[in-house]
Amino acid sequence: MTTSRREQIIATAADLFASRGFHGVSVTELGTACGISGPALYKHFASKDAILAEMLVGISERLLEVGTARSRGAASPQDALRALVDWHVSFAVEHRSLIVVQDRDWSSLPPAARERVRSLQRSYVDVWATRLRELDPDLDLDASRSTAHALFGLLNSTPHSGLLDDPALRDLLNRMALRACGIG
């Protein structure tokens, strides 16, 4: 798979922002890490803020897109939750930097991007909440959303879970999340 220059810049920025914070990375440093001059970044993005916005909006869109597709393609609520857990575990293990950036640098997002991310996140939570309520009709909407958020807390712990190698961590997170869903 060929990676575009924009994708390379976003991936590099995610790693740098995760390690030093959004405000701790200059455009010059980001350009150098990408093998171009800092000013050359402006051929691809209008600003460092635009890089952060595309990074976090893009991953929120991807989480929702894939999560929705996996949920729709499932034969039962249990299968849907297995597919959602598998997808989110893969995301969390493969994109630890994005989790850190989302958590720590959220307030640095431009307002329009912040609202877009929040809207996408609410929709993603609702994909999970719908399936959780199908599995347990006694869950009301608030409880199912809270359950989804608690599951994300578990699954998004990967930046802090450095004791296991990735395959063992995937297995552990899958088992724990499925048990938390009541299907493990």
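**Figure 1. Trp106 occupies the loop between helix H5 (96–105) and helix H6 (111–135).** The view is taken from a predicted model. Trp106 has a relative accessible area of 16%, and because buried means under 20%, Trp106 counts as buried. When the neighbours within four places in sequence are left aside, the residues in contact with Trp106 are Val101, Arg114, Val117 and Arg118. Ala53 lies 53 residues away from Trp106 along the chain, and the C-alpha atoms of the two residues are separated by 9.5 Å.

**Figure 2. Helix H3 (residues 48–72) packs against H5 at an angle of about 115 degrees.** The axes of the two helices are 11 Å apart. The angle makes H3 roughly perpendicular to H5, since angles of 65 to 115 degrees are placed in that class. The crossing of H3 and H5 is left-handed. On the side of H3, the contact is made by Leu52, Met55, Leu56 and Ile59. On the side of H5, the contact is made by Leu98, Val101, Gln102 and Asp105. Sorted by class, the residues of this contact between H3 and H5 comprise six nonpolar, one polar and one charged. Val101 of H5, which takes part in this contact, is also one of the residues in contact with Trp106.

**Figure 3. Helix H7 (residues 141–155) and helix H8 (residues 166–181) pack with their axes 10 Å apart.** The angle between H7 and H8 is about 165 degrees. H7 is therefore roughly antiparallel to H8, as angles over 145 degrees are classed in this way. H7 and H8 cross in a right-handed sense. From H7, the residues Leu151, Leu154 and Leu155 meet Leu173, Met176, Ala177, Ala180 and Cys181 of H8. The residues of this contact between H7 and H8 are eight nonpolar, no polar and no charged.

Figure 4. A disulfide is a covalent bond between the sulfur atoms of two cysteines. How many disulfides does a search of the whole structure find? The search finds zero.

Key: Residues are numbered from 1 along each chain as its sequence is written. This is a predicted model: local features need pLDDT of at least 70, side-chain atom pairs count only at pLDDT 80 or more; totals for chains, interfaces and linings use all residues. Side-chain values use heavy atoms; hydrogens and water are left out. Axes are lines fitted to C-alpha atoms, for helices over the stretch in contact, and angles run from 0 to 180 degrees between N-to-C directions. Helices (H or I, at least four residues) and strands (E, at least two) are DSSP runs, numbered from the N terminus. Angles under 35 degrees count as roughly parallel, over 145 as roughly antiparallel, 65 to 115 as roughly perpendicular and the rest as oblique. A crossing is left-handed if the near helix is turned anticlockwise from the far one by less than a right angle, and right-handed if clockwise. Contact means heavy atoms within 4.5 Å. Ala, Val, Leu, Ile, Met, Phe, Trp, Tyr, Cys and Pro count as nonpolar, Asp, Glu, Lys and Arg as charged, and the others, Gly among them, as polar. A disulfide is a pair of cysteine sulfur atoms within 2.5 Å. Buried means under 20% relative accessible area, exposed over 50%, partly exposed in between (1.4 Å probe, protein chains only).
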